[in-house]
Amino acid sequence: MLYISLTIYIQMSKEYLGEFEELVLTMVGILQNDAYGNAIVTEIKERVGRTVNLSAVHVTLYRLEDKGYVKSHMGGATNARGGRRKRIFTVTNAGLAMLRAMKEARMDLWKLIPQLKFG
Amino acid sequence: MNNVKIPAWPFHLLAWFCPPALYEGIEGDLIQQFECDVEEAGEKIARRRLFLNTLRFFRPEIIFRNKFSTQLIDTVMFTNYLIIAYRNVLKNKTFSAINIIGLSIGLASCLLIFQFVSFELSYDKFNDKFERTYRITNDRFQNGKLIQHGTIMYPTIGGTMHKDYEEIEEHTRLMPGGEMNVKINDKLFRGDVCHFVDEHFLSVFSFPLLAGQRATALKDRYSVVLTEKVAKKYFEVNDGDYASLIGKTIYWGLDPQPYTVTGICGDVPANSHIQFNVLVSYATLIRPDNTGADDSWQWSDMRHYLVLKPGVDYKKLESKFPAFSERYFKGDKVSGSVEKFYLQPLREAHLYSDYEYDIAKKASGKAVWAMLVVAIFILFIAWVNYINLTTSRALERAKEVGLRKVMGALKSQLIKQFIFESMLLSVIAFLIALLLAQLLQTSFNQLVGTELSLWKVIGEADAFTIAVLCTVLIAGILLSGFYPAFVLSSYQPVTVLKGRFIRSSSGNLMRKALVVFQFTASVALITSTLIVSKQIKFMNETDLGIDLGQILVVRNPERTPYDSTFISRVESFKDRLTQLDGVTSAATSGPLPGRRLGRTFDIRLKDGAGTEHYTMSQFQCDYDFFDTYKIPLLAGRKFLASDHNVNWDKINTVVVNRNATALLGFERPQDIVGRQMTFWGRDWNVVGVVGDFHQESLRSPMEPLFFIPAYGRNATSIRLSTNDYQQLIPAIESAFKEFFPDNIFEYFFIEDRYKQQYSDEDRFAKVVNIFTVLAIIVSCLGLIGLSSYAAVQRTKEIGIRKVLGASVANILSMLSLDFVKLVAVAIVLSIPIAYYFMQNWLATYAYKIALSWTVFILPIVLILSITIVTVSSQIIKVALSNPSRSLRHE
């Protein structure tokens, strides 16, 4: 019992990536070496036009870190931000593979939709 | 922008709930956001947004991050670990079973003992004033010698102390009233134990009151408070409507005065040192014509309890008591002995009392702590075994470890894996242990004679105890997992996978030390078992100086008044009994063998040289007593029927025992015959001397005794010459009913009653037996692990030896010798330990066996043969195997 349920739990949490998680992960990929909380919020607003909350981004980043798709380190100190260092996130190989897999899966699905013609 | 001040307090809030590791990153982002907001929307809005943004971080993902670390279990490999652990358990079913069962037994016995210990330590704690309540105890000295070490004293002590010392907040006094004999309408009830207590009793002690007034229930004369159980029995209430019982009356014994029920209290908790069924108001004892129970400085049956004011050091108060004694007792002028008073904290009443005439339900504190030590011992041995067995099987895992390392596993991951595995096994063992403990609960409860339950104990335990228990458990599981994990994970893949794998000898040394430790415990326990059972046998078989076999005792006819016809009525009853077939003789006596006797303190020899007072125990019996119990006469004569008199004041003969003769300074028994003793305010003629006998168990020495020819509330002892009780007992009952109508007929055999004194010893013996068996089993498990390991490791060596001509016997003796050496060391270590503890235990007996070297021989032989059998059974497989098989791969 214990064994089975634990196994299922682990497999589920390992494979699944939510929509927002995917969005944040993509942004980390786009921002390269300058992916941190504020930058991602700004980037999402500029590129997708969606206002997201800072804390939500943070939590998502940590979750992605737990799953092994991103890793983080503290950047150097700057004069802005009251001298506080940034926590810089970078995509791991696993994260990149995940993004790619999701993109391909979506593309495969997209191809199956009958091509609509516009007038 | 830079001149805008950032409010500090949102960051204090953030620092409070945010894990430090995340703090800087979040804080920086918040500041940056704030700075943007100031430019975009102004300072006021920016501040509000900062506050809201900060507040939004107050969410479980942030707060609890890193609080529960998932790092101990590598989540990716977790599934794999589970599968491997599962396969490993199944692969070696016997080994896994031994391992898990060994651990379960250890844990289960620990759980049971823990219940017992915590119950014993919980005594009297239900009392609200537990920490401040003390018993007064009293030592009496005569001629510089301690003659009584007791909890009984004069009725005035508590009250006078309360008056004299302001440190005392409250006091109460108590006198045991023995078993009640109650008549309600036409129904008779017997056997409910009562105490006379004053109105402060229910305030000092927190016995729950179901009906009645706590402060006043025991104030007036002839008031009784019944326990719930007794109330149900007397009045057949089932609906719990106890209030309706208040004001009902009962009659006690021959007292024409009715006793009024003024309260009902809940049944006395099993963990109270005072046990009772009924409480009677102390005022009942104080008769208008004789107020001795209130103000006497000689009456000596009262127990006193004090409640001290908060913060009072009882030792300081105690140091004032010598002055108190001098003030009121003036040396031995008042009571005939020099009085010393002490305070005993209530928390010690159950476990640390060695007092005479004690009403406390007692147990040995030493034994309780010893049990706890033993429990920890067993658990330790079980864990050690677990380590031992696991590491000895490590060879089978070595290849797995090598392969994992080659595939990139880190040492830390392997450690995690093995710790996880042992945690899994520990948890399974723990569940089995819980099950075992539940199954054994009933038998265990019978053994210790208390109603225990694990859930109750846990429910009542304080947070500290639970924390300690959990820490011990978790630490044990982690530590027992850590060593095997460390050993296993340190293998070098190259050596392991090449198949040339030799283990370090340091691990061996540790394992050997563990085996020595286990066997030391086993041998010591076996020796103790033997000595305990020898002492019990000795106590049961010693010639007591009195013959208790085949004596049936009929309890006294309490409801027959003592009047001028009483003696002739008793004599007729005895005559009728002796006429019955199978009855040899019958005698009546106040006390019975096996009971502590009352003492008389101011005995002098009339016309004696000195003025010294002596103390002896007293015994009231009739003239048939010595014959019935076959107590030998040494000089003079026994009592005659003519020594008896209905009028107490006309009795003036006394018989003494050999010890009393010696106490009074006579060398030969015949010298005291014809002399006179003075006590109880008059002179007594010594008519005879009888031999000493064991009135109490062999724990107590035989005391000086004097016998008085008296009838009264006497039980009748009947010596039988037949084993056919079926017919005899109804005949005795009808005789009893004929002469003593309106009484309850109750009987028992004196020998059984006498042997009840040894119930503690019997219990102790059983407990030691069980532990011994457990220790042997667990030690053997350890030995199996070690010897099979040794045999497997030395397979090739054995093969070569066989090729070169060694016989199976040679190999067996060679391999067993290693273990026999270990056990020999254990034996050498255990003998002084066992000797020391058993000498201490035996010291509590006045009469005991001598510890000769022979008692140590049997355990040694036993443990050596167990060792050889266990080891051989493991080695023989290898010793018998064909050398070509073990050597062909080389």
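User: How many residues of domain 3 of chain B are in contact with residues of domain 4 of chain B?
Analyst: The contact involves 7 residues of domain 3 of chain B and 6 residues of domain 4 of chain B, and please keep in mind throughout that this is a predicted model.

User: How many salt bridges cross between domains 3 and 4 of chain B?
Analyst: The rule finds 1 salt bridge across that interface. Separately, B:Glu761 forms a salt bridge with B:Arg699, and the closest N and O atoms of that pair are 2.3 Å apart.

User: Switching to the two chains, what is the area buried between A and B?
Analyst: Chain A and chain B bury about 2400 Å² between them, and carbon and sulfur atoms give 56% of it. In terms of contacts, 23 residues of chain A meet 25 residues of chain B. The count of salt bridges between the chains is 2, and A:Arg85 forms a salt bridge with B:Glu24 in which the closest N and O atoms lie 2.9 Å apart.

User: What does chain A look like in secondary structure?
Analyst: Chain A comes to 5 helices and 2 strands, and read along the sequence these follow the pattern α-α-α-α-β-β-α. Of its 119 residues, 39% count as buried, and the accessible surface of chain A is about 7500 Å², of which carbon and sulfur atoms hold 59%. Among the contacts in chain A with a separation of 6 or more, 52% are between residues 24 or more positions apart.

User: Back to salt bridges, how many are there over all chains?
Analyst: A search of the whole structure finds 53 salt bridges over all chains. One of them pairs B:Arg47 with B:Glu43, where the closest N and O atoms are 3.1 Å apart. Both of these residues lie in helix α3 of chain B, 4 residues apart, about one turn of the helix. B:Arg47 is partly exposed at 35% relative accessible area, and B:Glu43 is partly exposed at 34%.

User: And B:Glu167 with B:Lys320, which parts of the chain does that pair tie together?
Analyst: The side chains of B:Glu167 and B:Lys320 meet in a salt bridge of 2.5 Å, N to O. B:Glu167 sits in the loop between α7 (157-164) and β3 (168-184), and B:Lys320 in the loop between α11 (314-318) and α12 (321-329), so the pair ties together parts of chain B that are 153 residues apart in sequence.

User: Is B:Glu167 buried or exposed?
Analyst: B:Glu167 counts as buried because its relative accessibility is 17%, and buried means under 20%. B:Lys320, by contrast, is partly exposed at 34%.

User: Which residues are joined into one network with B:Glu179?
Analyst: To start with one pair, B:Arg555 and B:Glu179 meet through their side chains in a salt bridge of 2.9 Å, N to O. This pair links distant parts of the chain, with B:Arg555 in the loop between β12 (551-554) and α21 (566-579) and B:Glu179 in strand β3, 376 residues apart. Salt bridges that share partners then join B:Glu179, B:Arg190, B:Arg555, B:Glu558 and B:Glu746 into one network.

User: One last thing, which residues form the nonpolar patch on the surface of chain B?
Analyst: The patch is formed by B:Trp9, B:Phe51, B:Leu52 and B:Leu55, which together have about 370 Å² of accessible area. Helix α3 (residues 43-56) of chain B contributes the largest share, 3 residues. B:Leu52 lies in that helix and is partly exposed, with a relative accessible area of 40%.

Methods. Residues are numbered from 1 along each chain as its sequence is written. Chains are lettered from A and ligands numbered from 1 in the order in which they are written. This is a predicted model: local features need pLDDT of at least 70, side-chain atom pairs count only at pLDDT 80 or more; totals for chains, interfaces and linings use all residues. Side-chain values use heavy atoms; hydrogens and water are left out. Patches are made of residues with over 30% relative accessible area and no salt bridge: like charges are joined within 9 Å, nonpolar side chains (Val, Leu, Ile, Met, Phe, Trp, Tyr) within 5 Å. Accessible areas come from the Shrake-Rupley method with a 1.4 Å probe; for residues, only the protein chains shown count as cover. A salt bridge is a side-chain nitrogen of Lys or Arg within 4 Å of a carboxyl oxygen of Asp or Glu. Buried means under 20% relative accessible area, exposed over 50%, partly exposed in between (1.4 Å probe, protein chains only). Contact means heavy atoms within 4.5 Å. Buried area is the accessible area (1.4 Å probe) that two parts lose on being put together, summed over both.
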